[in-house]
Amino acid sequence: MYTPEQLADWVRATAQSRGLDLVTDAGAVRSLVADAVADHVDESDLAASDLAIEVYARVAPFGPLQEHLDDPEVEELWINEPGRVFVARSGRSELTATILTAEAVRDLVERMLRSTGRRVDLSSPFVDASLPDGSRLHVVIPDITRQHWSVNVRKFVVRARHVDDLVRLGTLPADAAEFLAATVRAGLNIIVAGGTQAGKTTMLNALLGCVPSGERVITCEETFELQVDLADWVAMQTRQASLEGTGEVRLRRLVKEALRMRPTRLVVGEVRQEEALDLLLALNSGMPGMCSIHANSAREAVAKLCTLPLLAGENVSAAFVTPTVAAVVDIVVHVETTPDGSRRVSEIIALPGRTENGVVVIAELFVSDGLDLVRGMGYPPHVDRFARAGIDLAALLDSPPLRVA
């Protein structure tokens, strides 16, 4: 009888001899594990399936976590402490039976970071990184955390490549999806707002699926998450400082560099700080753009965009920022997670381009009636852009409004 480690050694050696990659050829590696167990364990042995799981956990790049990462239903995985590993399915969390040791957690994080060029240590206790499959890793270590390493893996789950996919998923109705697709083709500036795990990145990906094929898109993110099905696309991500404290590349720098790369459309994965100013300045140049932002409503997203640029310096004033937001932001889409864990668009508003008493005026395009997203009284700006794109805006929004903005 062979031990699990001996079988794992055989699988590793065989995979290497066949030129298989343990990360990208997961299916073939699983077949090798099954062959190894079948050759050395009686098929009638009820422990064979458990042995296969243990062998694969030893071979897989991310050990005992691999089964959760391979599960298509798992959206996110996190470790609060070695004995408490959670996963989320359909927006709901559950405690798994996976038990680790503190040493195993550190080893797994080291393996995850190995291909990223990023690090986590006492001098840099936080790290964001992209795993080979596009999933996003976030780690925090003591003494920022009380005792244990905190690990989050947000899996890259492609649920929508186009707004039509969001209709199929029940995120928004067909008429709202058709309108959003038209706003992208017309070149309007769109902000996607929502809470954590509300589906902001999914919405951005779906909107990017509506970008005309001839455009050149530049995306700027803290870690790679966006996927663009266009031939002319450049993706950039931030970089943390080296051990010597040099070489850091922040999101502000990426936005500025993107403008030198001849984009026809600029997309910022998420604005959190003073990079909001650089985004506004870029959009003010007449180039279409999109971004996401954490906010509890579309109105709060607008208010936040009027505040974040002030972090850029004392010489930046609300007297400049507020009218700039009103002038360059055209559409705000708010997404939310419902109590049952599903995601939906809760409202779509437009900014007509003016302020009143220092507050940005908004117009409700689609609003929630409690159950569904229905047409509001508002109308989007830049009707001429829709016309140039061959879009009949009046026909697109001809459904009778159901409430006054």
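Questions and answers on a predicted model follow.

Local features rest on pLDDT of at least 70 and side-chain atom pairs on pLDDT 80 or more, while totals for chains, interfaces and linings use all residues. Residues are numbered from 1 along each chain as its sequence is written, and side-chain values use heavy atoms, with hydrogens and water left out.

User: How many helices and strands are in the chain?
Analyst: Both kinds of element are DSSP runs, numbered from the N terminus: helices are H or I with at least four residues, strands are E with at least two. On that basis the chain has 14 helices and 17 strands.

User: What radius of gyration does the chain have?
Analyst: The radius is taken over C-alpha atoms, and the globule rule is 2.2 Å times the number of residues to the power 0.38. The C-alpha atoms fill a box of roughly 80 × 50 × 40 Å along the principal axes. For 405 residues the rule puts a compact globule near 22 Å, and the chain agrees, with 24 Å.

User: What percentage of the 405 residues is buried?
Analyst: Buried means under 20% relative accessible area, exposed over 50%, and partly exposed in between (1.4 Å probe, protein chains only). By that cut-off the buried share of the chain is 48%.

User: Among contacts between residues at least 6 apart in sequence, what share joins residues at least 24 apart?
Analyst: A contact means heavy atoms within 4.5 Å. Of the contacts that qualify, the share is 54%.

User: How far apart do the centres of the positive and negative side chains lie?
Analyst: Lys and Arg count as positive, Asp and Glu as negative; His and the chain ends are not counted. Each charge is placed at NZ of Lys, CZ of Arg, CG of Asp or CD of Glu. With 40 positive and 56 negative side chains, the two centres are separated by 6 Å.

User: Which side chain does the E274 side chain join in a polar contact?
Analyst: E274 sits in the loop between strand 10 (265–268) and helix 10 (275–283). E274 is buried, because its relative accessible area is 12%. Beyond four places in sequence, its contacts are R250, R252, L308, L311 and A312. A polar contact is a pair of N or O atoms within 3.5 Å (within protein, one able to donate a hydrogen and the other to accept it; residues adjacent in sequence count only if both atoms are side-chain atoms), and at 3.3 Å the partner of E274 is R250.

User: Which residues does the helix 12 buried set comprise, and which elements does it pack against?
Analyst: Helix 12 covers residues 318–328, and its buried residues are V321, T322, T324, V325, A326 and V328. They pack against helix 10, helix 11 (298–307), strand 14 and strand 15.

User: Is P380 buried or exposed?
Analyst: P380 lies in the loop between strand 17 (373–375) and helix 13 (383–388). Its contacts beyond four places in sequence are F179, I331, A350, L365, F386, L393 and L397. Its relative accessibility is 5%, so P380 is buried.

User: Which side chain makes a polar contact with the side chain of Q240?
Analyst: Q240 is in the loop between strand 9 (233–237) and helix 9, and at 19% relative accessibility it counts as buried. The Q240 side chain reaches the backbone nitrogen of R119 at 3.2 Å. Its side-chain partner, at 3.0 Å, is S124.

User: Which residues does S124 contact, leaving aside neighbours within four places in sequence?
Analyst: S124 belongs to the loop between helix 5 (102–113) and strand 4 (126–130). S124 is buried, with a relative accessible area of 13%. Its contacts are R119 and Q240.

User: What is the omega of the cis peptide bond between P142 and D143?
Analyst: D143 lies in the loop between strand 5 (136–140) and strand 6 (150–154). The cis bond joins P142 to D143, with omega about 10 degrees.

User: What is the phi of R262?
Analyst: R262 is in the loop between helix 9 (251–258) and strand 10. R262 is exposed, with a relative accessible area of 67%. R262 is not a glycine, yet its phi is positive, at about 55 degrees.

User: Is N357 buried or exposed?
Analyst: N357 sits in the loop between strand 14 (355–356) and strand 15 (359–360). Its phi is positive in a residue other than glycine, near 55 degrees. The relative accessible area is 82%, so N357 is exposed.
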